[in-house]
Amino acid sequence: MDTSILMTRNHLERRDDSKICAVEDASGPKIISFVGGLTFHQFATILSGACAILSTLIVGALIALHAFNYSNPVQQRQIIRIMLLIPWVALFSFLVVWRSDIGEYLAPSLDFGCSIALSSFLLFMCDLVLSHPEGFDGLFGDGATAKGALKGNSPTWLKRSWYGVLQFIPTSIVIWIATAATLATGTYCKQSNDVHFAHLWLTILIGYTTTVAIVSSLRFYKNNKKLLQKHRIILKLVTFKGILGLNFLQSFIISLLAGHGKLEPTKYMTYHDVNTGLASLILACEMPIFAVLLLFAFSPIPYKQQGSPAAGPLNAIVDAFNISDLLSAFFRGPMRLVRDQQRQIMRQDSVRIALVSFSDEEERRGRVVP
């Protein structure tokens, strides 16, 4: 009788223990200098900060060129938002490396930055399609212009692509808040994949919402490939979607190695350096490369060729930071936004984009496609 009671109590204690996050063992060997008189953490902080400054300077110069040649506000405000992803990621990567002890609170900020860039890119692709005479019919079906389709409903594929991308903004915010809240209450438990802790569910949620957003944007490209491939859209996609993919892949690999004991604190790296700071350091070092890619993907030359700017550089910056069009797109839907875009295009005369043509005459003139 006593034996059965003891076994039952032990079983219940084990069940209770499974719902308690194990205390992280942040101990390790005594830290020594990594290079010169600097520890690895100090060296990583300086390196990530230098990369953040370099990438911000490159992107800042490119943004200035677009702002001073703001001839196509409808498109260029989206381009500036997309380019701002680089300094955003670089800044928060630096902060995570610098304050690796609280880096888990800051890491989800990268997904929020990517959500803004991805949503802006959807509207950018939409406007590129509409810049073609046959673009409206491409979005809303053959004969849509003649039928006055703006009074009707959007096609199912367009709605799915539209909301599949835009959902990434609110879900990334919710996940960021949920991560911070569960970390503060001790229910996150990064070192465990048990269903009782938030880490597993938030990881699944961010993976799912990210995949939906990327697949939806690719669906939009696929359905309008005939028009969009003239604008080197794949290069544009790679320049910022590569950031999203690398961030997830690098963080997953490092987390997997650390979880299986293959990556542990050393005499150079602390527990937080390994588990939080390392992935962000790698990402920070990659930002200058992506900043250089932006020079080729979003060149300001086509917009400079269109003539005098439609607005000044200050207007360009204000338009880029005013994301009311992105936020209102949830309620307005693609049809109403397209209607407003067309009105802006007509008012600003921003549809004059140099299209790709393989004729000798246009090659001689050196036209460049945005």
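Visitor: At roughly what angle do the axes of α4 and helix α14 cross?

Guide: They cross at roughly 160° and come within 8 Å, with α14 covering residues 271–297. Axes here are lines fitted to C-alpha atoms over the stretch in contact, with angles from 0 to 180 degrees between N-to-C directions. Helices are DSSP runs (H or I, at least four residues), numbered from the N terminus. This is a predicted model, in which local features need pLDDT of at least 70 and side-chain atom pairs pLDDT 80 or more, while totals for chains, interfaces and linings use all residues. Residues are numbered from 1 along each chain as its sequence is written, and side-chain values use heavy atoms, without hydrogens or water.

Visitor: What makes the contact between α4 and α14?

Guide: On α4, the residues are I86, V89, A90, S93, V96 and V97. Their partners on α14 include L281, A284, M287 and F290; contact means heavy atoms within 4.5 Å. By class there are 12 nonpolar, 4 polar and no charged residues. Ala, Val, Leu, Ile, Met, Phe, Trp, Tyr, Cys and Pro count as nonpolar, Asp, Glu, Lys and Arg as charged, and the others, Gly among them, as polar.

Visitor: How do you know that α2 is roughly antiparallel to α3?

Guide: The axes of α2 (residues 40–68) and α3 (residues 73–83) come within 10 Å and cross at roughly 175°. That makes α2 roughly antiparallel to α3. V59, L62, I63 and H66 of α2 meet Q76, I79, I80 and M83 of α3.

Visitor: What makes α6 and α9 roughly antiparallel to each other?

Guide: Their axes cross at roughly 150° and come within 8 Å, so the label applies here as well. In α6, L118, S119, L122 and L123 meet S161, W162, V165 and L166 in α9.

Visitor: Which residues line the second largest pocket?

Guide: Among them are R81, W88, F112, I116 and F321. α6 gives the largest share of the lining, 4 residues. A pocket is an open set of points on a 1 Å grid over the protein atoms alone where a 1.4 Å probe fits, with protein on both sides within 12 Å along at least five of seven lines; lining residues have an atom within 4 Å of a point. By class, this lining has 9 nonpolar, 1 polar and 1 charged residues.

Technical notes
Helix = DSSP H or I, 4+ residues; strand = E, 2+ residues; numbered from the N terminus. Parallel < 35°, antiparallel > 145°, perpendicular 65-115°, else oblique.
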